[in-house]
Amino acid sequence: MSEVPGEVWEQFAIAVAEMARDLLAQDSAQGTLDRVVEHAKVLIDGCDEAGILTVRQGEVHALAATSDVVRRSDRFQQDLREGPCFDAVTDRQQIYAIEDLREPNKKWPRFAPELRKLGMGSMMGFLLFTEEDNLGALNVYSNTPGAFGENARRAGWILASHAAVAFSAARTHQQLSHAMETRHEIGEAMGILMERYGLTEDSAFKVLKKTSQDRNVKLREIARQICRTGEKPG
């Protein structure tokens with residue numbers, strides 16, 4: 001007996017909740033992205049491959065991919081400067097799609113044939129965003145033409161919305177962790193300078209700052225050098 005749509009969406013909601021917990025459990029932004037594309041293959045009907053890219057200053061950067069086919073698709077979008085996911089990021093449209101890659105495509109006349117050569121039959125692109133951030137695009141691919149119906153589009157949009165929030169949270173956590181680590185290293189370096197050379201806290205920090213400026217090296221790297229050698233730089 002086939003399931004009614006309500007039961008299908010109830011199962012989908014449970015799967016999304018499990019995905020949300022899984023994404024929050026990742027210990028890095030990259031780990032979050034890698035899990036997002038794997039979940040896309042499970043949660044979106046017809047999805048055979050998935051990837052995430054971003055476009056910064058006109059350059060496409062592949063952030064995660066389930067296969068080399070996805071990475072090659074990203075390169076095509078970069079080289080040709082066209083494609084659903086390229087447009088999703090640059091034009092800030094929430095959803096783009098190519099329903100049948102066997103047919104001529106007026107919007108992406110060069111990209112679509114190249115993707116078809118890779119064995120793809122259809123694809124969609126979803127903007128990954130929060131209210132404060134434009135993060136990139138989630139790409140989903142199918143080997144079958146016309147694979148993505150309305151339910152697949154809705155599922156992709158829901159997944160992309162959850163993924164954007166999880167990625168933003170992971171990136172913020174990573175930045176905070178990095179900042180705390182940097183602060184600890186600088187504090188340790190200042191302590192070494194104060195003890196070994198009889199400097200005040202203010203003087204020790206000025207030594208770090210001046211060395212960083214004179215050498216055009218990040219403050220953290222100067223602090224790391226002092227922690228490693230125990231010597232005042234210069």
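These are my notebook entries on what I looked up in this predicted model.

**Entry 1, confidence and layout.** I began with the confidence of the prediction, and found a mean pLDDT of 82 for the chain, with 88% of its residues reaching 70 or more. Confidence is lowest in helix α6, residues 150–197, where the mean is 75, and highest in α5, where it is 94, and I kept the value for α6 in mind when I came to a residue of that helix. I then noted 8 helices and 5 strands in the chain, which follow one another from the N terminus in the order α-α-β-β-α-α-β-α-β-β-α-α-α. Of the 234 residues in the chain, 42% are buried. Among contacts with a separation of 6 or more, 59% are between residues 24 or more positions apart.

I looked for aromatic pairs and the structure holds 1. Y96 and W108 form this pair, which is edge-to-face, with 5.8 Å from centre to centre and 75 degrees between the planes. Because Y96 belongs to strand β3 and W108 to the loop between β3 and α5, the pair ties together parts that are 12 residues apart in sequence.

I next turned to D100, which sits in the loop between β3 (95–98) and α5 (111–117). Its side chain is joined to that of R102 by a polar contact of 2.9 Å. When residues up to four places away in sequence are not counted, D100 touches G121 and P145.

Which residues does A163 contact, once its neighbours within four places in sequence are left aside? I found L23, V36 and L128. A163 itself is in helix α6, the helix in which the confidence of the chain is lowest, and at 2% relative accessibility A163 counts as buried. For L128 I also looked up the separation of the C-alpha atoms, which is 7.3 Å from that of A163, although the two residues are 35 residues apart along the chain.

The contact is made on the α7 side by F205, L208, K209, T211, S212 and R215, and on the α8 side by L219, I222, A223, Q225 and I226.

R81, which is not a glycine, has a positive phi near 55 degrees, and R81 is found in the loop between α3 (68–80) and α4 (84–90). N216 likewise is not a glycine and has a positive phi of about 55 degrees, and N216 is placed in the loop between α7 (201–215) and α8 (219–229). Are these two residues buried, partly exposed or exposed? R81 is partly exposed, because its relative accessible area is 43%, which falls between the cut-offs of 20% and 50%. N216 is exposed, because its relative accessible area of 72% is over 50%.

Terms used. Residues are numbered from 1 along each chain as its sequence is written. This is a predicted model: local features need pLDDT of at least 70, side-chain atom pairs count only at pLDDT 80 or more; totals for chains, interfaces and linings use all residues. Side-chain values use heavy atoms; hydrogens and water are left out. Helices (H or I, at least four residues) and strands (E, at least two) are DSSP runs, numbered from the N terminus. Buried means under 20% relative accessible area, exposed over 50%, partly exposed in between (1.4 Å probe, protein chains only). A polar contact is a pair of N or O atoms within 3.5 Å; within protein, one must be able to donate a hydrogen and the other to accept it, and residues adjacent in sequence count only if both atoms are side-chain atoms. Contact means heavy atoms within 4.5 Å. pLDDT is the predictor's confidence in each residue, from 0 to 100. Rings of Phe, Tyr and Trp (its six-membered ring) pair if their centres lie within 6.5 Å; planes under 30 degrees apart count as stacked, over 60 as edge-to-face and the rest as tilted.
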